[in-house]
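Trainee: I have a model open and some questions ready. Shall we go through them one at a time?

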Amino acid sequence: MSAEQEENAIRAISRQVDRMNTLTEDLLAVSLIDSGRSSPTFELVDVAAIAHEVATDLDPHDGVHRLSVSIPDSDGASPPTDGPRDGRVPGSASRAGGSLR
């Protein structure tokens, strides 16, 4: 294994450890909410930024394949009726990004 391959492998392992940590924190948060010891907070999140972060994290980095995300500008469509009407979603941008990875 070349030094570059080893470095790539270490980076991949580090990303997966970070992901596992985020998932563990998310499970703890859900458990606290389910038990009634906590309640979710709502704040605006930039879904386009989250999608870009996810695409970047999932990019295979193999020089052959490429993953990209294209999100069109808002077309003025009305918000979904099954969630908060002000565009807020539970969690924060960083936590949501972690959950989506």
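Trainee: How many salt bridges does the structure hold?
Mentor: This is a predicted model, where local features need pLDDT of at least 70, side-chain atom pairs count only at pLDDT 80 or more, and totals for chains, interfaces and linings use all residues. Residues are numbered from 1 along each chain as its sequence is written, and side-chain values use heavy atoms, with hydrogens and water left out. A salt bridge needs a side-chain nitrogen of Lys or Arg within 4 Å of a carboxyl oxygen of Asp or Glu. The structure holds one.

Trainee: Which side chains meet in the salt bridge?
Mentor: The N to O distance is 2.9 Å.

Trainee: Is Arg11 buried, partly exposed or exposed?
Mentor: Buried means under 20% relative accessible area, exposed over 50%, partly exposed in between (1.4 Å probe, protein chains only). Glu7 has 47% relative accessibility and counts as partly exposed. Arg11 is at 42%, so Arg11 counts as partly exposed.

Trainee: What span does helix H1 reach from its first C-alpha to its last?
Mentor: Helices are DSSP runs (H or I, at least four residues), and strands are too (E, at least two). H1 covers residues 3–34, which is 32 residues. The expected span is 1.5 Å times one less than the number of residues. H1 is close to the expected value, reaching 46 Å.

Trainee: In what order do the elements of the chain run?
Mentor: The chain has three helices and two strands. From the N terminus on, the order is α-β-α-β-α.
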